[in-house]
Each structure stands twice: as C-alpha cells, then as structure tokens.
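Here are my notes on this model. Please read them with the structure open.

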Amino acid sequence: MRVIMLGAPGAGKGTMSALMEKKYGIVQISTGDILRAEVKAETDLGLKASEFMNRGDLVPDDIILGMMKNRLQKNDCSGGFILDGFPRTLKQAEDLGMMLERLGMGLDAVINLEVPEDLLIRRLTSRRTCSNPSCQAVYNIYTMPPKKEGVCDICGAEIIQREDETEEVIRKRLATYNEKTAPLIRYYSGYDVFFSVPCLEAGETMDKIVERF
Ligand code: AMP
C-alpha cells in the first residue's frame, strides 16, 4: 500500500501515519523527521536545512527531492510506504509523480487531514518532543503530558519545545502551508484515490481511513 498524507502542520500527519504504519505494516517516511536527524547529526544537509526550518520556511525543493529519491529506493519501501510531510510544493508533487512512474509504483490513497486553524495553533504550541533523535516521542502539555515533567516516559531523555514550534514560527509555517502546500489539495483532488477526512480525534479518524481500504 502506498499513501500520501496531506495536511497543515499540526493536523496529525505524524500521528495518523504512525497508526497506519502499525496497522498495515508499511513504513512511515517523514521528511521532517529525516531532516531533524540530519540537523542533530550536523551533516552538511542538516546545517543547510536548519536555517529554513528554524524560520518556518520550506527547505528548497532540490534538497528534499534528492533526499527522497534515495529514500524511496531503499528495500523497506518495496512493501509500501506512507509519505508524511512530502510532497509540500507543486514541484515536489510533480517530481514525485515522475519518480513513482519510473519505479513502477502507483498510489493507493492520498489522504487530506482537515483541522480548523485555531486548533492547529493550540496543538502546535502545546507540543513537546523528546530530544533523543532515535526516540522523538511527542507529548502535549494539556492532553498527553509525560509522567514526570520534562522527562520522556519512553527513554528518559529531556523533553523540549522544538525551535520551530514557538508561536511566531508556527504562524509563519501556517502561512507557508497556505501559500505553497494547500494548492496540492486541488492538484490531487483529480485523483480517484484522493479523500479528505476531519482529524479532531485520532481513533475516529483512523476508523474513517480504515473504512476506505
Ligand atoms: P514537519 O515536521 O513535517 O512539520 O517538518 C518540519 C520542517 O521541516 C518544515 O517546517 C520544513 O521546514 C521542513 N520540511 C519537512 N518536509 C519538507 C518538505 N517536503 N519540503 C520542504 N521542507 C520540508
């Protein structure tokens, strides 16, 4: 099964992709997670990407496309994948289409998660993330706090607010989404595998997704 997960920052792409990975046994590929790992490891790619990420801008298409071209050819993709946070521009969508065609891969679903903007802002400003790059567990100070304040339940590392999750950067990320990524809804709405689903509560959203398969 091959799936694209669309939605604004904070819509729940990561959460829903992780649930689908578990249910269908297909790999979740998050460009945001890949980039954060590169930033943490201080690679050339990471150093270049962090400037854009910390401002709430998108990382340039050529960097993302080079990265994804390699990723999609790895062995674990042969059984299917969920793309979480990619594509994010029309150029990325067009190039992805060509890459998949070359690899002889079709799409089984393009899922658009719908969430009102005030809820996106609340979700993003209340999010905290485990600082351990190989864990990256996500918490919420209101709905899912860690058992011990500031400490990850899973690995015991420190929990932090991501630099790109301060209110100022979040507003910029949402503006970037509206300008550059929202047009993908129109682009994919012509595909018969495209559908939109509200994402207010993960369990209910998952039920609606499962109904489609
Ligand atoms: P995310 O965790 O998916 O919200 O991604 C965090 C940040 O990584 C974004 O705000 C962008 O700066 C960058 N990023 C992630 N995926 C992409 C992409 N497909 N194209 C460009 N930038 C991306």
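1. Basis. This is a predicted model: local features need pLDDT of at least 70, side-chain atom pairs count only at pLDDT 80 or more, and totals for chains, interfaces and linings use all residues. Residues are numbered from 1 along each chain as its sequence is written, and side-chain values use heavy atoms, without hydrogens and water.

2. Second largest pocket. Its volume is about 420 Å³. A pocket is an open set of points on a 1 Å grid over the protein atoms alone, with protein on both sides within 12 Å along at least five of seven lines; lining residues have an atom within 4 Å of a point. The lining has 17 residues, and Arg36, Val39, Lys40, Ile160 and Arg162 lie nearest the centre. Helix 2 (31-40), helix 3 (44-55) and strand 5 (127-130) each give at least two lining residues.

3. Cavity. One cavity of 30 Å³ or more is counted; a 1.4 Å probe fits in a cavity but cannot get out. The largest cavity holds about 40 Å³. Its lining includes Met5, Lys13, Pro87 and Thr181.

4. Backbone. Phe86 and Pro87 are joined by a cis peptide bond, with omega about 0°. Pro87 sits in the loop between strand 3 (81-84) and helix 5 (90-102). Glu42, a residue other than glycine, has a positive phi near 55°. Glu42 belongs to the loop between helix 2 and helix 3.

5. Helix 9. Asp207 lies in helix 9 (residues 202-211). Helices are DSSP runs (H or I, at least four residues), and strands are E runs of at least two.

How values were computed:
Grid points are joined across faces, edges and corners, and a volume is the space filled by probe spheres set on the points.
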